[in-house]
Amino acid sequence: MKFMTFNIRLDLGGQAYAAAPSLSSQFQGELPWSVRKWKVGDAVLLWEPDIEPFYHQVVDLDAMLGDEYAWVGAGRDDGQKDGEFCPIFYKKDSSIVEDWHTIWLSETPDKPSRGWDAKHNRIATVARFKRCSDNSIFHVINTHFDHEGVESRQHAAQVILDHIKEYSDLVVLLGDLNSPESDGGYVTLTGGASQEDNGTWKNIDALNEKASLGVAIRTGKPVRTTDSMTLPTHRVIRPGQIMQNLKHRKDDFVDTRYALETRLTNHDARAPLSGPFGDYDTFTGFGDLPHSRIDYIMIKNHQKATVRRFGVLSNQFDDQLCISDHRPVVASIEW
């Protein structure tokens, strides 16, 4: 199944259907939602995720995505329609919602509330799905941790872990955690597991060695690489840093970026990626702020799950239109 998380910059008001600037040089900074929303919708329709969480402009997106998608979610201020949503959009022909609810990331998670040092009420939407193809059960959590409260992010992660501790089926967590990998929110969710770089350029020598072996096996002829000769009988030893081989505690979430099955960890005939696709950073602002990685797709109870694809897509194109201050994060998970 394909998953996407995309924090879409809120609509700050203005004309409901404002025209785009006439000159590409004017596509600078933050443009109105009425201009940005069409490419946001296109990004979703192009990737066609089975599950997609958003944060803002729910009604607009519902209309743009059409009858193929439905959604669940509630506002963080009253548990109904007020305040930011963490909705979960899903393909109706792919999955069925069996149950869903909202929890508040606070000391009182069963009612609207703000926790610890958070600036705003923060929530998680929790949904139980049944996959139409095989009736398997899985859970999806969409959340948005506080951007200011360091303590609240760490506690919010623990609230989620406590809430789902009895879940035995696959859990997919998506969202803007406002937490780099060193932050307490991320560390609490992942159990502090060390994350080794599985990027293409980090492992380029091992990738080339494995590719040369494949050519040698197919042709029956030796292949010369930069430093050595690969013979048809040559055996490739997988590098010890590959994250696929790391052992995680049962209660931890695993970051799909590092759980991605790559060409160095693949055991079947499928063609995997050489490493995570696209950018590392997921937050970009509108050109005026430092970039960082704070948006994630994570899995728990993942023993039978394989991450087949992972990528961070672009949020800005040749015309310089920036469709949001975050980049979409996508993953394809098989189980």
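Contact here means heavy atoms within 4.5 Å, and helices (H or I, at least four residues) are DSSP runs numbered from the N terminus. This is a predicted model, in which local features need pLDDT of at least 70, side-chain atom pairs count only at pLDDT 80 or more, and totals for chains, interfaces and linings use all residues. Residues are numbered from 1 along each chain as its sequence is written, and side-chain values use heavy atoms, with hydrogens and water left out.

**View 1. Where H1 meets H2.** From H1, Trp 33, Lys 37, Trp 38, Val 40, Gly 41, Val 44 and Leu 45 meet Asp 60, Leu 61, Met 64 and Leu 65 of H2. Sorted by class, this contact has 8 nonpolar, 1 polar and 2 charged residues. Ala, Val, Leu, Ile, Met, Phe, Trp, Tyr, Cys and Pro count as nonpolar, Asp, Glu, Lys and Arg as charged, and the others, Gly among them, as polar.

**View 2. How the two helices are set.** Helix H1 (residues 33-47) packs against helix H2 (residues 58-65) at an angle of about 50°, and their axes are 10 Å apart. Axes are lines fitted to C-alpha atoms over the stretch in contact, and angles run from 0 to 180 degrees between N-to-C directions. H1 and H2 are therefore oblique to each other; angles under 35 degrees count as roughly parallel, over 145 as roughly antiparallel, 65 to 115 as roughly perpendicular and the rest as oblique.
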